[in-house]
Amino acid sequence: MANEKVLLVDDEAEFTSLLASRLEERGLRVETASNGAEAVEKVKQGTYDAVILDLAMPGMDGIETMKSLLEKRPDLQVILLTGHASIEKGVEAVKLGAKDFLEKPADLAKLLQKIKDAKTERMLLVEKKIEEDLKDILKSRGW
Amino acid sequence: MSQDPHRSAEMAEITSEPGLEKTQFRYRRLRKYSILLTSLVALTPLIAMTIINIYQYQKALKADMLFPILRQVSNTRHSLSSFIVERQSALELVIREIPFEELRDQERLAGALSHMKESFGGFVDLGIIDSKGDQVSYVGPYNLAGKNYRDQDWFHEVGLRGVHVSDVFMGHRGFPHFVIAVVHGLGEGDYYVLRATIDSDMLYRKILTQNLRPTSDAFLVNKSGILQTPSRFYGAALEQCSIAMPSYSTNSEVVELKDSGGKPYFLSYAYIEDTPFILMETIQPESFMENWLTVRNNLIWFLSISVILILMVIVWGSYHMVGRIREADLKRATVLHQIEYTNKMASIGRVAAGVAHEINNPMAIINENAGMVKDILSVSESFPLRDKMQKHVDSILTSVERCSRITHRLLGFAKRMDPHIEEIDLDQLLKDVLGFIGKEALHRNITVNCEVPGDMPKIKSDKGQLQQVLLNILNNGIEAVGNGGRIDISAEPKGDRRVEITISDDGPGISRNDLDRIFEPFFTTKKEHGTGLGLSITYGIVQKLGGQISVKSSLGAGTSFTVALPIENSAIRG
């Protein structure tokens, strides 16, 4: 379980591909999406340790995308990436369920740290969920 | 620290308003009209009433003064008239009762004269003149027997009218006297005349019986203005009187005249019936004037003081009123100006924000590209120009960071240009901000304790900017404390108008020297990755929000920032 799997969502294709290769170089598994709808599709199909999401995108913007992502996967770890849009928007996003927030252009080391934190948290959540599920199964079996 | 040079520009713009001079003139005109109109309305009736009053007073006082004078003149005229009529009647009685033959007798005539002298007084002599004008008989102190009067006017007049009262004259006798002559018919057109001389001093004495004021005068004149009795101021008897003859009237009259020096005086006069005499009395209006002047002066004083007081009130009121209007206008103009300015700044802000956003994306790409190159270089040890390349890439990355700082500032500026005031629940706001940065604190095992009392008032401020302020301070704190550190946040109301938020950490603290410079722009202790702008921007925002920020710190014990904010925020400017 060493390799974190992340989904990179940004309308700037060049940016996503570059960041993806840099992250891959550091041992991460990276997939990219160029808009909100694509991201939602990908999340439906696979599991990610973290979704790195640009706040300002044409069409479905970051907040909207995040809302629909969380609808599908409430335990999803969303790290918002923004060109210092506004603190207010960031705070709003965190209130709506984002796990973390990073300013663009991002410091790669910081990003990696945040991805690692996100994975740890997700693992905790997953373990908890499995525990609960197990408890439920055991209960239903009469244990 | 001048974070906003646009504010001084704004002030300059307001004071150099181009229409201001014209407006100044407009207010001056408004004030002038206000003063003029109010004065006119207030003072006209007052002045009119005073003038009417003065006129009425004068009239009443004059009437009061003239009435006794008229009565006196009237009385004197009566007594003079009856004096003459008495003597005329006596003569008529003598001429009717004593036959002509007897009167021709000197002794009989002397007897009649002495009777009349006794009964009436004033008679000097008596003479009988026949129709030819010869004085046929005479008794008296002068030797006038045999004198002929045929050619004299009075003789003709008495022949025609039956009676004659003469002017006062000196004649042969050498003292002022006048003559009364009566006629008696003898039948067949023949007649004779009884003529008596009367000492005019009697008339004078009659006049003197009234008590005259020292400045008054009373005398008789004849119809040609010759004094018939002595006067105080207008000459001796038989001199020409300087007063022009007043118009004829059957009653006593008063006229106001002016003497040669232009001084006014009153002349009261009466024509004495069937005689050539006119009684005149002059009165200097001094006593009357004295009363009158007191009254008039009082009235004028009253008027003057009233006018001054009214004018003072009007002028003060007008200045005050126009000043208030002007103030209101100015305030409105300033507000309009400010709105316009704020709008302008807001649009500039929005443009700036857009530009910053647009630049950030390509910046991120440059950043990633450079990072990529750096990554490649780090794994390809055999590359010959590796070190040189590394240097260039680092330079690109530094420049990107600089650009990022610029857009950062541009966005901050844009945000400040477009403030948005709303009601803020500080408790909620702090929770939001903590949620935002909570991850990092959590991962680094930092305890964050936030205490906001339940009765915390809501404040009016710009939410986004306040979040920025708290975030900057909290980020500072998180950076300062090590893993496992502690940050305490508390908020409390200070009086009715302010609230205070205190954020304390248990980090290493800040040295005295650094503390003094902590809010200066580009001052940083984080050598590698600090911009040195965070706290200076924070300082600027807090000031903009009408608050104050202060910091306390001691080495080894931690640092504490306090942000004081107004509850009602009217101070926020664009």
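**Figure 1. A residue pair between two strands of chain A.** Val9(A) lies opposite Leu53(A), a residue of strand E3(A). The view, like those that follow, is taken from a predicted model. Strand E1 (residues 5-9) and strand E3 (residues 50-54) of chain A are joined by 4 bridges, and the two strands run parallel. Helix H3 (residues 62-72) of chain A packs on the sheet, where it touches E1, E3 and strand E4 (78-82) of chain A. The direction of helix H3(A) makes about 155 degrees with that of E3(A). Helix H5 (residues 108-140) of chain A also packs on the sheet, in this case touching E1, E3, E4 and E5 of chain A. Between the direction of helix H5(A) and that of E5(A) the angle is about 170 degrees.

**Figure 2. The open sheet of chain A.** In chain A, 5 strands form an open sheet with parallel pairing, and their order is E2-E1-E3-E4-E5. Strand E2 (29-33) and strand E5 (100-103) of chain A each have a single partner strand, so each stands at an edge with one side left without a neighbour in the sheet. On average, neighbouring strands of this sheet are turned by 20 degrees against each other, direction ignored.

**Figure 3. The contact between chain A and chain B.** Chain A contributes 25 residues to the contact, and chain B contributes 29 residues. On the side of chain A that touches chain B, at least two residues come from each of helix H1 (13-25), helix H4 (87-95), E5 and H5 of chain A. The largest share of this side, 7 residues, is supplied by H1(A). Sorted by class, the side of chain A that touches chain B holds 10 nonpolar, 5 polar and 10 charged residues.

**Figure 4. Two packed helices of chain B.** The packing of two helices is described by the angle between their axes and the distance between the axes. For helix H9 (residues 426-443) and helix H10 (residues 463-480) of chain B, the angle is about 35 degrees and the axes are 10 Å apart. The crossing of H9(B) with H10(B) is right-handed. Residues of H9(B) in this contact include Leu429(B), Val433(B), Phe436(B) and Ile437(B), while those of H10(B) include Leu466(B), Leu470(B), Leu471(B) and Leu474(B). The residues of the contact comprise 11 nonpolar, 2 polar and 2 charged.

**Figure 5. A mixed sheet of chain B.** Chain B has an open sheet of 5 strands in the order E11-E13-E14-E16-E15, and the pairing is mixed. At its edges are strand E11 (447-451) and strand E15 (548-554) of chain B, each of which pairs on one side only. From one strand to the next, the twist averages 15 degrees. Within the sheet, strand E14 (residues 498-505) and strand E16 (residues 558-566) of chain B pair in the antiparallel sense over 8 bridges. Ile503(B) has Phe561(B), in E16(B), as its bridge partner. Helix H10(B) packs on this sheet and touches strand E13 (486-494), E14 and E16 of chain B. The direction of H10(B) makes about 20 degrees with that of E14(B).

Figure 6. Arg108(B) belongs to helix H4 (residues 106-119) of chain B. This residue is partly exposed, because 16 other C-beta atoms lie within 10 Å, and a residue counts as buried at 20 or more and as exposed at 12 or fewer. Apart from its neighbours within four places in sequence, Arg108(B) is in contact with Ile98(B), Glu102(B) and Leu103(B). Val139(B) is 31 residues from Arg108(B) in sequence and 9.7 Å from it in space, C-alpha to C-alpha.

Note on methods. Residues are numbered from 1 along each chain as its sequence is written. Chains are lettered from A and ligands numbered from 1 in the order in which they are written. This is a predicted model: local features need pLDDT of at least 70, side-chain atom pairs count only at pLDDT 80 or more; totals for chains, interfaces and linings use all residues. Two strands pair if DSSP finds at least two bridges between them. Axes are lines fitted to C-alpha atoms, for helices over the stretch in contact, and angles run from 0 to 180 degrees between N-to-C directions. Two residues are in contact if their C-beta atoms, placed from the backbone, lie within 7 Å. Ala, Val, Leu, Ile, Met, Phe, Trp, Tyr, Cys and Pro count as nonpolar, Asp, Glu, Lys and Arg as charged, and the others, Gly among them, as polar. A crossing is left-handed if the near helix is turned anticlockwise from the far one by less than a right angle, and right-handed if clockwise.
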